[in-house]
Amino acid sequence: MLVLGGNATTLAVVNAFPPAGSSKGAGSISARLIPLAWTPLGIALGDAPQAVGLPLSGLFDWMDRTFPPEDEHAFVAPVRDVELLARVGWNAALPERIDESNVVNVEDLPDEIVDALAQPPVALAQCAACRRLCVRDDFVWKEKQLCAWDYHAQVFGRRGPWHDGPYEERHFATLPACAYVAAPLLAQDGAEAVLSLNAVSESVAVRIVNALLEGDLERPHMAVRTQGGFTVLREA
């Protein structure tokens, strides 16, 4: 695969050009537009690329319009390399999964894109608050898909479900749940993570969480279910 360019929301790739010997300017190429989601853990590649047809004669104009230099997140492949591959009619099999091993210009890509290629593609959704793309089901609050930033602001902010004192057992059934807690986003609202539990049984986790809360009654806390365990937050 050849990465033509990318920006904050899209990565454009192609795997073939018209055969060598085609008349100048003739033919079109099929590009795949892969959606991207920026997260606190890095960029995630979407698992539902869109195929679009592009006239070869207007390819560079399309790249300039789609990934303009004034966009701080935009980049494009070196024009000389794209011209060379187009001239020889470069053609590669469409891989089942695009990763750093089958991208011919991987050395030209931003580091965060290379890191994203190393991870499996995931289902994406639009954040119900800001409309940015996010990883589906990582952060859901009141049945709405949210990005990490809006989830942290709404759930872990001042109006979140903070709790005074130990939890009763029934409270654990309704704890906020998310894929992970991002410490830098917590800090923006003055909250902090004071305990992280992974790979322990829920009964043990309940006792540990409540032991912590019983020993610190001066400030509200919040227990959060995360992938594989629990995180306990303390309000500023």
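Author: Rings of Phe, Tyr and Trp, the last taken by its six-membered ring, count as a pair if their centres lie within 6.5 Å. In this predicted model, Phe139, Trp141, Tyr151, Phe156 and Tyr180 form one aromatic cluster.

Reader: How many aromatic pairs does a search of the whole structure find?

Author: There are eight aromatic pairs, and one of them joins Phe139 to Tyr180 in an edge-to-face arrangement, with 5.1 Å centre to centre and 85 degrees between the planes.

Reader: Which parts does that pair tie together?

Author: Phe139 belongs to the loop between β8 (133-135) and β9 (140-141), while Tyr180 belongs to the loop between α4 and α5, so the pair links parts that are 41 residues apart in sequence.

Reader: Is Phe139 buried or exposed?

Author: Phe139 counts as buried, because its relative accessibility is 3%, and Tyr180 also counts as buried, at 14%. Tyr151 and Phe156 form another edge-to-face pair, 5.5 Å centre to centre with 80 degrees between the planes, and both Tyr151 and Phe156 are buried.

Reader: Switching to the nonpolar core, how many residues does the largest one have?

Author: The largest nonpolar core has 31 residues, and those with the most contacts inside it include Tyr151, Phe156 and Tyr167. Helix α6 (202-214) is one of the elements that each supply at least two of its residues, and the largest share, four residues, comes from α6. Apart from this core lies another, of 21 residues, among them Phe17 and Leu85.

Reader: And where does the charged end of Arg132 sit?

Author: The charged end of Arg132 sits over the ring of Trp149, 4.4 Å from the ring's centre.

How values were computed
Residues are numbered from 1 along each chain as its sequence is written. This is a predicted model: local features need pLDDT of at least 70, side-chain atom pairs count only at pLDDT 80 or more; totals for chains, interfaces and linings use all residues. Side-chain values use heavy atoms; hydrogens and water are left out. A nonpolar core is a set of buried Ala, Val, Leu, Ile, Met, Phe, Trp, Tyr and Cys residues joined through side-chain atoms within 4.5 Å. Buried means under 20% relative accessible area, exposed over 50%, partly exposed in between (1.4 Å probe, protein chains only). Rings of Phe, Tyr and Trp (its six-membered ring) pair if their centres lie within 6.5 Å; planes under 30 degrees apart count as stacked, over 60 as edge-to-face and the rest as tilted. A charge sits over a ring if NZ of Lys or CZ of Arg is within 6 Å of the ring centre and within 35 degrees of the ring normal.
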